[in-house]
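Here are a few friendly notes to read alongside the model. Please keep the structure open as you go through the points.

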2 protein chains.
Amino acid sequence: MKVLALLLLLWAATAAATGPQIPKFPGRFARPTFRNNPAASAIGAKYEIRYFRQRLDHFSFAELPDFDQRYIIGPSGGRWAPPSPIFFYCGNEGNIEWFSDNTGFVWEIAPRFSALIIFAEHRYYGTSMPFGSKEKAYKDAESLSYLTTEQALADYATLLIDLKRNLSASDSPVVLFGGSYGGMLAAWMRLKYPHIAIGALASSAPILQFEDIVSPESFYDIVSRDFKRESSNCFDVIKKSWDVIEARGKHSDGLVSLSREFKLCKDLNNTQELSDWLDSAYSYLSMVDYPFASNFLMPLPAYPIKEVCRKIDGFSDAADILDRIFAGASIYYNYTGTVECFDLEDDPHGMSGWDWQACTEMVMPTSRSKESMFPAYSFNYTGYAAQCFQSYGVRPRPTWVTTEFGGHDIGTVLKKFGSNIIFSNGLLDPWSGGGVLQNISHSIVALVTELGAHHIDLRASTEDDPKWLVEVREAEINLIKSWIDEYYQESSYSI
Amino acid sequence: MKVLALLLLLWAATAAATGPQIPKFPGRFARPTFRNNPAASAIGAKYEIRYFRQRLDHFSFAELPDFDQRYIIGPSGGRWAPPSPIFFYCGNEGNIEWFSDNTGFVWEIAPRFSALIIFAEHRYYGTSMPFGSKEKAYKDAESLSYLTTEQALADYATLLIDLKRNLSASDSPVVLFGGSYGGMLAAWMRLKYPHIAIGALASSAPILQFEDIVSPESFYDIVSRDFKRESSNCFDVIKKSWDVIEARGKHSDGLVSLSREFKLCKDLNNTQELSDWLDSAYSYLSMVDYPFASNFLMPLPAYPIKEVCRKIDGFSDAADILDRIFAGASIYYNYTGTVECFDLEDDPHGMSGWDWQACTEMVMPTSRSKESMFPAYSFNYTGYAAQCFQSYGVRPRPTWVTTEFGGHDIGTVLKKFGSNIIFSNGLLDPWSGGGVLQNISHSIVALVTELGAHHIDLRASTEDDPKWLVEVREAEINLIKSWIDEYYQESSYSI
């Protein structure tokens with residue numbers, strides 16, 4: 001079996017020397033792991049797939065073709081009846097079935113609330129393709145131009161209004177859920193459409209990772225901290241390895257020998273390709289450093305960073321540094337031991353939706369500090385924008401997200417204006433650096449777990465769940481319950 | 001001097017028998033009265049006109065030409081310095097200078113707060129024309145398709161963010177103002193962009209006049225009540241007049257004799273044209289039934305409905321009913337006594353921006369009850385939509401405004417989520433039927449004046465202001481002051 005290492009942005013690969021790749025949400029991994037999760041089929045049996053006809057541009061009256069948005073609705077067996085709640089997952093950058101399968105929390109708690117579950121697919125992902133096909137939707141900047149968060153939120157609003165009308169559920173409170181980019185959508189939707197949803201659980205949602213609100217170094221600093229926490233030797237070995245790789249690449253036949261040593265299917269064009277591949281492994285390991293075995297991005301053991309460092313540290317002092325690195329990376333890329341060679345190439349249709357979003361609205365500046373275990377790098381917006389224009393013919397609007405959704409001074413804003421949002425973050429998660437980590441008001445609550453990784457709370461429960469994870473989920477359930485109770489108590493109020 | 005009776009919608013004229021014209025906000029009157037207001041030049045001397053480059057579609061990355069948005073900034077002499085507040089008027093459907101001239105309240109109170117004043121022109125009005133000219137902007141449904149409220153709000157948000165950056169005023173609180181449609185924009189902007197403005201004074205903003213939230217009969221019921229309040233005989237005469245007009249029109253030469261009797265410049269094509277002209281007079285009289293002489297829509301005396309009814313009631317019992325009606329209407333259309341004949345024709349470019357908005361997002365159902373002084377009529381959405389499609393090639397989206405901004409159950413929503421909005425309404429104003437008339441929370445406040453007309457509170461103070469008007473303005477000033485004080489107290493808070 002070959003593992004597709006779908007980690008490199010096209011333009012990062014072509015301009016590798018200028019900076020790190022953009023750390024990405026894990027949307028690309030939807031396909032390989034979809035339905036590999038043992039929990040998935042049990043959940044999948046309960047739901048139905050439906051489609052809803054959406055406008056392509058909600059905010060103009062330009063004549064454009066409608067498209068079919070896919071959504072999951074369940075449980076179809078259904079004890080649900082209005083005005084029981086609707087739990088609505090704001091789909092992110094991938095196949096919606098994959099998010100459904102990996103968001104067991106919602107499926108597990110819905111019965112307690114007799115809630116109807118909806119998982120809505122984000123436009124331009126999965127099968128929810130404008131213009132009839134992915135090929136046409138992803139054809140060029142013009143066809144992609146309606147792939148924006150505001151349009152996605154308007155899709156969700158329109159879908160919910162229509163569903164509530166058709167299900168005679170106008171009195172059913174809606175609670176939003178989302179993880180990662182989906183968590184950003186859930187929080188922003190609660191802000192923008194408070195008349196449609198009574199609250200939102202935004203898990204691992206880095207809504208502050210824009211402009212200069214938080215340090216651009218936070219992502220890689222946290223990855224580095226996660227490794228150092230397990231082993232300072234492991235951290236040191238990784239930190240030293242980049243120069244060794246670069247030096248090795250300068251030898252005659254250096255790229256060929258590196259390619260052999262790392263069991264690559266095709267020879268390297270430059271050392272940056274290898275560094276990016278390793279960078280991705282470390283970054284994703286931090287995101288999925290769960291205390292139980294999981295198969296979210298890759299099949300992995302519990303505490304995978306600990307395992308990686310155990311490998312790296314387990315060599316004799318005289319061992320080659322790159323042997324250590326390869327052994328560590330193999331935990332991530334080849335835990336099953338079945339990979340014959342590693343393919344660093346992106347897939348040929350590599351223009352993923354998230355790349356487009358990162359080159360338009362989702363400009364999340366990323367640097368690497370000298371203290372990190374990565375080569376230092378300062379984010380250079382001019383270069384970033386130039387690469388976006390070269391690759392997609394589009395110019396980013398780096399200040400638009402904060403104009404539209406806020407960000408600067410979000411604390412004051414939410415305190416005065418918002419309510420009923422849970423921002424949950426695990427401090428192992430490199431995205432937590434852009435998260436809301438402090439309570440803002442009695443109903444805008446930060447739940448922070450020191451040992452949590454990327455939206456761990458949204459995963460299905462396991463027997464290996466540590467106590468803090470059980471507790472944070474209970475806290476979430478209690479908060480959601482309080483929103484719903486309050487809604488029912490107040491729903492007699494009208495003007 | 002000829003008075004342009006710019007009141008008839010093109011399509012209402014072509015399908016006159018099917019229903020009443022859409023009661024319109026008074027944008028069309030911008031030109032005739034602009035700078036006729038004696039207060040205007042005094043205000044005008046203080047301000048500067050500037051322009052800001054705007055995206056045409058904020059919510060997509062489609063390649064479209066930018067346009068120049070006009071705004072007024074003042075006072076330019078300026079004691080203002082950050083972090084003193086910014087007072088921002090959300091321009092509505094017309095020339096921004098006209099709104100500035102007729103919103104003396106903002107100019108009068110700004111010095112108390114050392115506030116900078118901005119009046120931003122709404123896209124597709126005044127000189128803020130996409131595609132370089134009104135002719136090109138209003139060419140067809142395609143060119144008009146970006147004339148939407150969401151785009152206008154995004155214009156204001158973008159302009160404010162840019163202004164604050166350029167003026168080093170990131171700590172200056174922004175307070176929004178708006179009357180009528182501009183009041184709807186101010187309230188919606190506070191809801192959608194709470195991070196940009198700390199509060200909004202939404203005067204005479206009928207945000208509930210959509211779908212079935214309020215009765216579609218409210219507008220004409222209030223007009224009728226305003227007349228009955230002055231004189232039940234006046235009400236009765238008007239109520240009877242419609243049948244008389246219709247019957248007279250059926251006589252041989254009836255249309256010609258009606259045209260003579262009403263001093264029309266051109267003969268009537270049908271009696272509906274005349275009825276619509278009268279309907280407009282009564283509707284607008286209700287809107288501007290101020291206790292002082294004004295020149296907002298037309299030059300008018302104080303308490304103009306009282307004057308109209310005095311004319312109508314002043315005839316001998318044997319007098320012809322249409323003589324009474326003509327005398328009454330002349331108060332509205334010819335108070336200065338200089339009109340030689342009345343021109344009922346719309347201007348040849350009658351495709352006004354508001355007509356387009358009414359045919360796309362701003363679908364405000366309007367019926368006339370049997371109890372009103374108008375011919376009974378039930379709103380027929382199918383016919384309305386068909387006429388819109390015939391006239392503009394566009395299909396309305398009648399549920400979009402409530403999807404995007406709420407409306408149903410707005411009380412619950414605002415109570416739980418919003419803060420710092422004043423909804424002021426005068427009960428003489430026919431638009432008050434779609435207004436928020438009850439306090440929603442301690443900081444979402446309804447200020448209702450029994451004797452107020454359309455956004456009377458926003459007008460410059462006069463020596464003839466009644467006590468209740470002075471008081472309501474003081475209440476507004478105190479609320480705005482409390483928002484600003486609270487903002488400064490809390491602005492040390494950050495996350």
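1. Let me start with B:Asn92, which sits in the loop between β4 and α4 (96-101) of chain B; helices (H or I, at least four residues) and strands (E, at least two) are DSSP runs, numbered from the N terminus. B:Asn92 is buried, at 2% relative accessibility, where buried means under 20% relative accessible area, exposed over 50% and partly exposed in between (1.4 Å probe, protein chains only). The side chain of B:Asn92 makes a polar contact with the side chain of B:Tyr89, at 3.0 Å. A polar contact is a pair of N or O atoms within 3.5 Å; within protein, one must be able to donate a hydrogen and the other to accept it, and residues adjacent in sequence count only if both atoms are side-chain atoms.

2. A word on the basis: this is a predicted model, in which local features need pLDDT of at least 70, side-chain atom pairs count only at pLDDT 80 or more, and totals for chains, interfaces and linings use all residues. Residues are numbered from 1 along each chain as its sequence is written, chains are lettered from A and ligands numbered from 1 in the order in which they are written, and side-chain values use heavy atoms, with hydrogens and water left out.

3. Which residues does B:Asn92 contact once its neighbours within four places in sequence are left aside? They are B:Phe99, B:His122, B:Tyr125, B:Gly179, B:Ser180, B:Tyr181 and B:Gly182, with contact meaning heavy atoms within 4.5 Å.

4. One of those partners of B:Asn92, B:Ser180, deserves a look of its own. B:Ser180 has a positive phi, near 65°, although it is a residue other than glycine. It lies in the loop between β6 (174-179) and α9 (181-192) of chain B and is buried, at 1% relative accessibility.

5. B:Ser204 is not a glycine either, yet has a positive phi of about 50°. Its place is in the loop between β7 (199-203) and α10 (218-230) of chain B, and B:Ser204 is buried, with a relative accessible area of 1%.

6. In chain A, a cis peptide bond joins A:Pro82 and A:Pro83, with omega about 5°, and A:Pro83 lies in the loop between β3 (67-74) and β4 (86-90). In chain B, the bond from B:Pro82 to B:Pro83 is cis, with omega near 5°; B:Pro83 lies in the loop between β3 (67-74) and β4 (86-90) of that chain.

7. For the overall picture, chain A has 20 helices and ten strands, and 64% of its 495 residues count as buried. Among contacts in chain A with a separation of 6 or more, 73% come from residues 24 or more positions apart.

8. A:Arg165 forms a salt bridge with B:Glu211, the closest N and O atoms being 3.9 Å apart.

Definitions and conventions: Salt bridge = Lys/Arg side-chain N within 4 Å of Asp/Glu carboxyl O.
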